[in-house]
Amino acid sequence: MEDVAPEYDLVVLGTGLTECVLSGVMSVKGKKVLHIDRNDHYGGEAASINIEALFKKYGNYGPGEEPWKKYGRVNDWNIDLVPKLLMANGELTNILVSTDVTRYLEFKQIAGSYVQQGNGPKATVAKVPSDAGEALRSPLMGIFEKRRARNFLEFVGSFKQEDPASHKGLNLSKCTMKEVYDKFGLEASTRDFIGHSMALFQTDEYINAPGMAQETVERIRLYVNSMARYGKSPYIYPLYGLGELPQGFARLSAIYGGTYMLNTDIDEILYENNKVSGIKATMKERGEPGDGMKFQTKCKKIIADPSYFPGKVQVVDHLLKAICILNHPVANTDNSDSLQLIIPQSQVGRKHDIYIAVVSSAHNVCPKGYYIAIVSTIAEGSSNHHLELQPGFDRLGRIEEKFMGPAIPLYEPLESGVNDNIFISRSYDATSHFETTTDDIRDIYRRAEGQELVVEGLRDGQNLVAEE
Amino acid sequence: MASRVQQGGRPGGSRFSQFKLVLLGESAVGKSSLVLRFVKDQFDDYRESTIGAAFLTQTIALDETTTVKFEIWDTAGQERYKSLAPMYYRNANCAVVVYDISQASSLDKAKAWVKELQRQANENIIIALAGNKLDLVTENPDKRAIPTADAEQYAKEAGLLFFETSAKTSENVKELFTAIAKKLPLDQGGPRNIRSGPRQGVDLRPEASSTVGASGCNC
Ligand SMILES: Cc1cc2nc3c(=O)[nH]c(=O)nc-3n(C[C@H](O)[C@H](O)[C@H](O)COP(=O)(O)OP(=O)(O)OC[C@H]3O[C@@H](n4cnc5c(N)ncnc54)[C@H](O)[C@@H]3O)c2cc1C
Ligand SMILES: Nc1nc2c(ncn2[C@@H]2O[C@H](COP(=O)(O)OP(=O)(O)O)[C@@H](O)[C@H]2O)c(=O)[nH]1
Ligand SMILES: [Mg+2]
């Protein structure tokens, strides 16, 4: 085994999406990167795993049983651990295109975006209307409300900061979203689906917070523009699962000289004058005899996921998540092969929305005839978590298998990292898309490099493909 | 992205197919050098790792009407600490597993990579074994650490194509890739497990507006 270099600009710990994007970007920008993961696979918490590995992770079967055997070839399954989708016009898509990582991946649309109105037996599931025309056809609103919603969506669509005529007398950077909704006379149930299934807020805090109107309008525009991009939903998804994303960025990093080591434990973090100065680590494959390969290397900075620095992070929330295997499409979703369904909190007497993300064999994540549905929300109590997800399970009908562990702690770093040069990412949150992940990526880049991350034009002048 | 097998008839009956080819083998046996020789007909004695060039294409004309395009994935050094991602093997149609005929241990490593391929890649992947740095033993026969017959015997048992090559002098490099091209299923209805036809997914480029390829959407 070759020796590890004596010094790196940057050591990255954990191969989740956040870490891999940063590793890729830093390598492209000329930094010498060593990227380590203690696991034997890429992706960390953001991996996609096969059905045998999923059963083993949750341990929900008796001794001697091999329940995965009834689900066909285990490797035909790529089950995401983090349920998220890409906004077609979102920042992750932008980064993928700018770095040419799209070369290694293939994307498909998510077939539909739905929202629930009402609760219990009276619940309706309907498509989220995304333009004025759809608003007029939507069963979510009565006849007069439809027109008000159309007026609102037309306002959002034509809003231009530099054109006062498009402002309708509202000062979005100062007013609250409540004032905007009031201006258009929208009913509570309409505010609910606009705020939660288009602006994708998880709670109602945005409504009365001053200055949030501008962001809300921008979020709705992102939704509408993403929707307009491919037509069926605002979301896209990589074939073979989300675990392909970190792998793609890791490859980008490697192509630009990044060194990759899986199966590697960090034995010690070295410091000089309160700043990180290096690491001691051991690479050893599972089951491999001997002590493995011990090494030490210097580094100026570390970027890591929270699991590598338990003493430098705090828990901010707990995520509830159940991975469900179905053998039928979800009712009232036009037999879609994939979808997002949002249950806004107020519809079911909660403070946080419940999300359902469904993908299927159309995305090469399971054999034909199966559907993978992930139900998730933020925990509001410390027990009976199953009941908190129940409104989601109610939408799914018969469930073949359900994988649900204890509430998952979500971490954030205690410090920015500028003091010790250790920059820690946040856990993947409960949002249904990657926009907060890319916010974190940008934030870490800013903390670590002292400047904004610019990805546009990253690949200019970089010729990755030889002429034929 | 074009990592899909594309097969198409052209007017006049010519055939064009595209295949993903991956390289495997221990570090420093000459994988990147073989690619560089095949794609650009170059060789560099002092080249360190291949920065920014791990995705190359090259086309071979088998005869007047048949062309095969290889989309070549180099390891980008991720083999060094056994950290290749499943993505690398995914949908690979063919592989070149390389060893260095002047390094005794490198054939055993190559055998381990063949096993890994059989575990991770398509079951009908075509594998070629390449004993590289042939020029070293042509110059000085004492440098040979692996007898041709040993490797040949192994390749035969394992059902692999076999060549001794030199990326430096280009000996057998073209022959190696041509032999693979000839063994690939060029006809329609070729191997299972391979998605044929144009890309089925969405195009993410900003200028691309519409959704799916001609044969695409099966929803
Ligand atoms: C000589 C010396 C000087 C130090 N100087 C400073 C200083 O100036 N400033 C400072 O902030 N800290 C310093 N430290 C480190 C400090 O003592 C703490 O270890 C550090 O703050 C992290 O504490 P923790 O509780 O997060 O990590 P611990 O839980 O104590 O774990 C130690 C570190 O190893 C990581 N780790 C544990 N297990 C694994 C694994 N299996 N794989 C990968 N990583 C793993 C953890 O994430 C953590 O970062 C110094 C340590 C030593 C030995
Ligand atoms: N003499 C000789 N040297 C070679 C040959 N192929 C590669 N090398 C050298 O071997 C070293 C490693 O080659 P490289 O292509 O980087 O190996 P890789 O790590 O397998 O990609 C480089 O110094 C090359 O110049 C060959 O055919 N003959
Ligand atoms: Mg190489």
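Which side chains meet in a salt bridge at 2.8 Å, N to O? Hi everyone, let me start there. They are the side chains of A:Asp429 and A:Lys84. Before going on, please keep in mind that this is a predicted model.

So where do these two residues sit? A:Asp429 is in the loop between strand 20 (422-424) and helix 11 of chain A, while A:Lys84 is in the loop between strand 4 (79-80) and strand 5 (86-87) of chain A. The two are 345 residues apart, so this pair links distant parts of the chain. Their surroundings are worth a look too. A:Asp429 has 23% relative accessibility and therefore counts as partly exposed. A:Lys84 has 2%, so A:Lys84 counts as buried.

Let's stay with salt bridges for a moment. How many are there over all chains? A search of the whole structure gives 32. I'll show you a few more of them.

One joins A:Arg103 to A:Asp100, with 3.0 Å from N to O. Both A:Arg103 and A:Asp100 are buried.

Another joins A:Glu380 and A:Arg350, and here the closest N and O atoms are 3.6 Å apart. A:Glu380 is partly exposed, at a relative accessible area of 33%, whereas A:Arg350, at 11%, counts as buried.

There is also a network of salt bridges, and it links A:Asp443, A:Arg446, A:Arg447 and A:Glu452.

Now to the helices. In general, two packed helices are described by the angle between their axes and the distance between the axes. Please find helix 3 (residues 91-99) and helix 11 (residues 435-449), both of chain A. Their axes come within 8 Å and cross at roughly 60 degrees. Helix 3 of chain A and helix 11 of chain A are therefore oblique to each other.

Which residues meet there? From helix 3 of chain A come A:Glu91, A:Leu92 and A:Ile95, and from helix 11 of chain A come A:Glu435, A:Thr438 and A:Arg442.

Next, the nonpolar cores. The largest has 167 residues, and the members that touch the most others are A:Phe152, B:Phe70 and B:Leu129. The element that gives the most to this core is helix 1 (residues 17-28) of chain A, with seven residues. Apart from this core lies another, of 24 residues, including A:Leu13, A:Ile36, A:Ile279 and A:Cys299.

If you zoom in on A:Phe152 and set aside its neighbours within four places in sequence, you will find A:Phe152 in contact with A:Met177, A:Val180, A:Tyr181, A:Phe184, A:Leu186, A:Ile194 and A:Ile220.

One last stop: A:Gly369. Where is this glycine placed? A:Gly369 is in the loop between strand 16 and strand 17 of chain A. With a relative accessible area of 42%, A:Gly369 is partly exposed. Beyond its neighbours within four places in sequence, A:Gly369 is in contact with A:Leu326, A:Asn327, A:His328 and A:Ser361. As for A:Thr436, the C-alpha atoms of A:Gly369 and A:Thr436 are 33 Å apart in space, and the two residues are 67 apart in sequence.

Conventions. Residues are numbered from 1 along each chain as its sequence is written. Chains are lettered from A and ligands numbered from 1 in the order in which they are written. This is a predicted model: local features need pLDDT of at least 70, side-chain atom pairs count only at pLDDT 80 or more; totals for chains, interfaces and linings use all residues. Side-chain values use heavy atoms; hydrogens and water are left out. Axes are lines fitted to C-alpha atoms, for helices over the stretch in contact, and angles run from 0 to 180 degrees between N-to-C directions. Helices (H or I, at least four residues) and strands (E, at least two) are DSSP runs, numbered from the N terminus. Angles under 35 degrees count as roughly parallel, over 145 as roughly antiparallel, 65 to 115 as roughly perpendicular and the rest as oblique. Contact means heavy atoms within 4.5 Å. A nonpolar core is a set of buried Ala, Val, Leu, Ile, Met, Phe, Trp, Tyr and Cys residues joined through side-chain atoms within 4.5 Å. Buried means under 20% relative accessible area, exposed over 50%, partly exposed in between (1.4 Å probe, protein chains only). A salt bridge is a side-chain nitrogen of Lys or Arg within 4 Å of a carboxyl oxygen of Asp or Glu.
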